[in-house]
Amino acid sequence: MRISARADYAVRAALQLAASRDAAPLKAEAIAEAQSIPHKFLEGILNDMRRGGLVLSQRGVNGGYRLAKPAESISIADVIRVVDGPLVSVRGVRPPELSYTGPAASLLPLWIALRANVREILDGVSLADVASDQLPSPVSELADAPGAWTNP
């Protein structure tokens with residue numbers, strides 16, 4: 001699985017909003033500066049997140065962006081789906097739409113299992129979990145597993 005720069009920036013921007021949810025709306029410039037995200041790129045991401053119902057925008061001198069719902073109810077997967085589409089695809093196709101034959105027939109259940117695990121992790125972690133540094137224990141256990149931090 002590959003996490004695009006767009007998805008990474010969107011999650012970081014959402015986390016910045018989650019961390020300041022009780023404050024006034026945050027301007028895009030402030031989010032961009034705090035997270036080292038190119039401002040113009042962030043504007044497009046925030047617009048996608050607004051259209052996807054994750055953030056609200058407010059115009060005016062005191063304007064900016066805020067989360068549309070509590071951080072506890074927005075998963076990391078929600079953010080990624082809004083800016084990048086499906087979490088897992090093969091050649092741009094969702095796994096259930098694929099078919100394989102012969103020795104490759106077992107690829108389909110492999111891709112489905114991969115998608116199920118990605119969903120389990122990303123749907124199971126909210127913005128509030130990450131912003132508060134309280135990842136669910138199954139996620140922490142995976143990250144603490146031997147070899148998790150090494151590149152084969």
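Which residues in α1 meet which residues in α2? From α1 we have R12, A13, Q16 and L17, and from α2 they meet I31, A34 and Q35; contact here means heavy atoms within 4.5 Å.

Before I go on, the ground rules. This is a predicted model, where local features need pLDDT of at least 70 and side-chain atom pairs count only at pLDDT 80 or more, while totals for chains, interfaces and linings use all residues. Residues are numbered from 1 along each chain as its sequence is written, and side-chain values use heavy atoms, with hydrogens and water left out.

By class, the contact of α1 with α2 has four nonpolar, two polar and one charged residues. For the classes, Ala, Val, Leu, Ile, Met, Phe, Trp, Tyr, Cys and Pro count as nonpolar, Asp, Glu, Lys and Arg as charged, and the others, Gly among them, as polar.

And the geometry? Helix α1 covers residues 5–19 and helix α2 residues 28–35, and they pack at about 110° with their axes 10 Å apart. That makes α1 roughly perpendicular to α2, since angles of 65 to 115 degrees count as roughly perpendicular, under 35 as roughly parallel, over 145 as roughly antiparallel and the rest as oblique. The axes are lines fitted to C-alpha atoms, for helices over the stretch in contact, and the angles run from 0 to 180 degrees between N-to-C directions.

Okay, zooming out. The chain has seven helices and two strands, and along the sequence the pattern reads α-α-α-β-β-α-α-α-α. Those are DSSP runs, numbered from the N terminus: helices are H or I with at least four residues, strands are E with at least two. The C-alpha trace spans about 65 × 30 × 25 Å along its principal axes. Of the 152 residues, 33% are buried, where buried means under 20% relative accessible area, exposed means over 50%, and partly exposed is in between, with a 1.4 Å probe and protein chains only. If you take the contacts with a separation of 6 or more, 57% of them are between residues 24 or more positions apart.

Helix α3, residues 39–51, packs against α4 at an angle of about 110°, with the axes 9 Å apart. That makes α3 roughly perpendicular to α4. On the α3 side the contact is made by I45, D48 and M49, and on the α4 side by V79, V82 and V83. Five of these residues are nonpolar, none polar and one charged.

On to the strands. β1, residues 55–58, and β2 pair in the antiparallel sense over four bridges; pairing needs at least two DSSP bridges between two strands. Looking at partners, V55 is bridged to L67 in β2, and L56 to R66. The two strands form a hairpin with five residues between them, and G60 in the turn has a positive phi of about 105°.

Let's finish with the loops. S75 sits in the loop between β2 (64–67) and α4 (76–84). Buried or exposed, what would you say for S75? S75 counts as buried, at 7% relative accessibility. Leaving out residues up to four places away in sequence, S75 touches L122, D123, V125 and S126.

Then there's V90, in the loop between α4 and α5, and V90 counts as buried too, at 15% relative accessibility. With the neighbours up to four places away left out again, V90 touches L98, Y100 and W111. V90 and W111 are 21 residues apart in sequence, and C-alpha to C-alpha they are 8.0 Å apart in space.

R91 is in the loop between α4 and α5 (107–123), and R91 is exposed, with a relative accessible area of 66%. Its phi is near 55°, a positive value in a residue other than glycine.

Where else do we find a positive phi in a residue that is not a glycine? At D133, with a phi of about 60°. D133 is in the loop between α6 (127–131) and α7 (137–144), and at 64% relative accessibility D133 counts as exposed.

That's my tour, so over to you for questions.
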